[in-house]
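The sequence and the structure are shown first.

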Amino acid sequence: MKLSIETIKNRVSVRTYDKIKVPDSVVDDIKKYIGQIENPFQVPIDFRILDAKEHNLGSSVIIGENTYVAAKYRKVLNAEIAFGYSFERFILFATSLGLATVWLAGTIDRKAFENAMQLKEDEVMPAVSPIGYAAKKRSVRENLMRKGLKSDDRVLFEKLFFKGDFQNPLKESEANHWLIPLQMLRLSPSATNKQPWRVVVEEKRVHFYEEKTKGYAQEKTGDIQKVDLGIAICHFEIAAEELGLKGNIIQKDPGFTIPKNTEYIATYELED
Ligand SMILES: Cc1cc2nc3c(=O)[nH]c(=O)nc-3n(C[C@H](O)[C@H](O)[C@H](O)COP(=O)(O)O)c2cc1C
């Protein structure tokens with residue numbers, strides 16, 4: 001199944017589940033899907049489906065869940081970006097099946113998850129997500145979290161995106177063929193909704209950057225904002241593909257002068 005713009009628009013974090021187990025046939029569909037996810041960075045991402053009761057898994061912010069999906073990688077170049085890209089493909093596939101999900105990196109019983117994943121010395125498990133069905137009403141805690149994180153809001157388009165270099169903010173009215181891919185990128189989930197993605201567009205290339213927040217790169221999770229960048233690239237690419245654009249993700253730093261605490265991540269390049 002193709003992931004779509006519609007699915008990107010439908011995705012929302014869900015922390016209140018209705019306790020109903022996901023049927024085995026749906027779990028099998030997920031299993032098949034996560035077994036064949038690829039990423040442009042060629043980093044293997046190892047997914048597992050975990051029963052919450054069997055492994056004693058939980059999160060202080062989640063209620064009513066039975067099943068989790070977790071994934072891990074070996075520490076290699078680009079692993080965090082590849083993880084974000086691949087795990088978001090799983091999240092969107094689950095969304096397209098009518099399942100509820102939420103990225104969880106901080107508010108989990110990390111030890112229990114890492115044990116269940118048989119995490120080795122040189123491996124990192126940045127995040128997990130429950131899969132289930134959304135309860136009719138969000139918990140009070142979930143509502144408070146969404147308000148606190150401003151989860152329904154995103155930073156202004158022209159504060160995230162630039163044309164030619166970092167000096168010129170890009171208006172939606174000037175974005176042309178990049179408009180919808182950038183709008184879909186802007187709907188990405190990100191850790192504490194920090195939205196560390198910054199983008200410089202040219203006629204044929206779109207360059208993705210990470211604007212780093214202090215304290216977000218840690219031993220246990222890796223640089224979680226690089227995971228956010230992988231998610232953003234995934235959204236951008238899905239939208240571009242649906243619009244009929246033909247391009248590839250490459251890494252070739254254009255060498256622009258960049259703001260402080262900002263790092264070049266990757267480029268989407270249109271084919272000739
Ligand atoms: C990498 C990553 C880690 C996250 N970690 C957590 C977490 O530990 N706990 C949590 O409740 N939400 C977590 N979130 C969810 C974000 O808070 C959420 O995506 C953001 O507030 C935007 O809301 P939305 O997903 O409903 O659009 C995480 C999201 C991402 C992408």
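## A buried serine in a loop

In this predicted model, S59 has a relative accessibility of 12%, and it therefore counts as buried, the cut-off for that class being under 20%. S59 belongs to the loop that runs between α3 (52-55) and β2 (67-74).

Apart from neighbours within four places in sequence, the residues in contact with S59 are E65, Y68, L104, T107 and I108.

Helix α2 spans residues 24-34, and its buried residues are V26, V27, I30, Y33 and I34. Viewed down the axis of α2, these buried residues fall within an arc of 120°, so they line one face of the helix.

Among the elements that cover the buried residues of α2 are β1 (46-51) and α4 (79-96), whereas the face turned away from the buried side carries D24 and K32, which are exposed.

## Helix α9 and its ends

Helix α9, formed by residues 224-242, has 19 residues and reaches 28 Å from its first C-alpha to its last, which is close to the 27 Å expected at 1.5 Å a residue. The helix is mostly covered, with 17 of its 19 residues buried.

At the start of α9, a side-chain oxygen of D223 comes to within 3.0 Å of the backbone nitrogen of Q225, while the residue G244, which follows the helix, has a positive phi near 90°.

Key. Residues numbered from 1 in each chain as written. Predicted model: local features only at pLDDT ≥ 70, side-chain atom pairs only at ≥ 80, totals over all residues. Heavy atoms only, no water. Buried < 20%, exposed > 50% of the residue type's maximum accessible area, 1.4 Å probe, protein only. Helix = DSSP H or I, 4+ residues; strand = E, 2+ residues; numbered from the N terminus. Arc of directions from axis to C-beta. Contact = heavy atoms within 4.5 Å. Expected span 1.5 Å × (residues − 1). Polar contact = N/O pair within 3.5 Å; in protein donor to acceptor, adjacent residues only side chain to side chain.
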